[in-house]
Number of protein chains: 2
Amino acid sequence: MSDPAPRPAAPVRIRHFTRSLPMSLLRARESVMRHFRPALRRNGMTEQQWRVLRALMTRPGMEVSELAEATFLLGPSLSRILRDLDSLGLITRRLDDADQRRSIIALSPRGESLIEQISPESETIYAEITRRFGAQRLAELQAMLRELETLLTEGPPIEGTGEE
Amino acid sequence: MSDPAPRPAAPVRIRHFTRSLPMSLLRARESVMRHFRPALRRNGMTEQQWRVLRALMTRPGMEVSELAEATFLLGPSLSRILRDLDSLGLITRRLDDADQRRSIIALSPRGESLIEQISPESETIYAEITRRFGAQRLAELQAMLRELETLLTEGPPIEGTGEE
DNA sequence: CGCCAATATTTTACATGTTATCCAATGCTG
DNA sequence: CAGCATTGGATAACATGTAAAATATTGGCG
């Protein structure tokens, strides 16, 4: 034995952290993605690669920075993902004629057919999630999430005590 | 110019993916964390390290597997984080007397004082987020997230078409 | 034209996520 | 108690997240 002291006063005066908003959002997202990942995995796609392909499907011919914003990926991640998707022959890249710094990314025929292959499965899963939770409530939830995001993004930054 | 073809029929018959539930959750979480990260960063903590310390604060003396569940970290990540927190002198580890496979993690005095230092700032930020969004609505949001998580976790797995 | 700040993207470096594998301690079973 | 499946935790290997720096191109300005 070593330390059987009953720990008299655990000072838990802070909200239980598993109920914090970030943790709630993290867990909710994981519980959703858990259902999608197997289907992606069967087709050799990672979650992020799939995000990129889907973004390109809804609007072909995006610049890298547009794509980054749409997929919520940071530059370095996206850069690597594009390199990989390129080497898999799923996308095409060409330099913008007017500005050689920009490159235009689009789906290749092979990329399009991969999407055609995966999409139905993905939509099925999404539909089942919607059914379980209720389309109405899902819409409510999305609205709240959007509002939260807007409030925190548009509003002034929240400063703690750390003025440098 | 080179390719002014008006791209006659972009087949966008799929819900716009930036409105998908996973993306909504991801963006909402990011918009929240964006406010916390600077404060953590000023104190040399990463988001995940902070999660571990907070979990240990609410309940000292956890096993690694308990900690993993509480912080939603996978074994390998947690293992590295504990190694780092240990080398920073913020936690203590000792082997369980009854079962030498298990180790008991707890905050060191230094870890506790670090928490005392960061917590107020963190709580200030959380309070401001609550104020902006409304405590009532925040509680609603959390309830919906919890319900979603429960439905998707407890229910049967959703199978796509991928029977091998 | 030549210098330089600004912009788009990539690269670098390190922490974490993810899956698979390894190792040591445990405890069951014969 | 010897053999072996199980378990808790750590390590390996590779992809991504994140911040900072590097690279390349453009556009302005003297």
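The surface near DNA strand D, where near means that a heavy atom of the residue lies within 4 Å of the strand, is made up of eleven charged, seven polar and six nonpolar residues. Here Asp, Glu, Lys and Arg count as charged, Ala, Val, Leu, Ile, Met, Phe, Trp, Tyr, Cys and Pro as nonpolar, and the others, Gly among them, as polar. The model is predicted, so local features need pLDDT of at least 70 and side-chain atom pairs count only at pLDDT 80 or more, while totals for chains, interfaces and linings use all residues. Residues are numbered from 1 along each chain as its sequence is written, chains are lettered from A and ligands numbered from 1 in the order in which they are written, and side-chain values use heavy atoms, leaving out hydrogens and water.

In total, 24 residues surround DNA strand D, and the closest are Pro76(A), Ser77(A), Arg101(A), Ser65(B) and Arg93(B).

In chain A, an N or O atom in the side chain of Gln48(A) sits 3.0 Å from a sugar or linking oxygen.

Turning to the fold, chain A has six helices and three strands, helices being DSSP runs of H or I with at least four residues and strands runs of E with at least two, numbered from the N terminus.

Key. A polar contact is a pair of N or O atoms within 3.5 Å; within protein, one must be able to donate a hydrogen and the other to accept it, and residues adjacent in sequence count only if both atoms are side-chain atoms.
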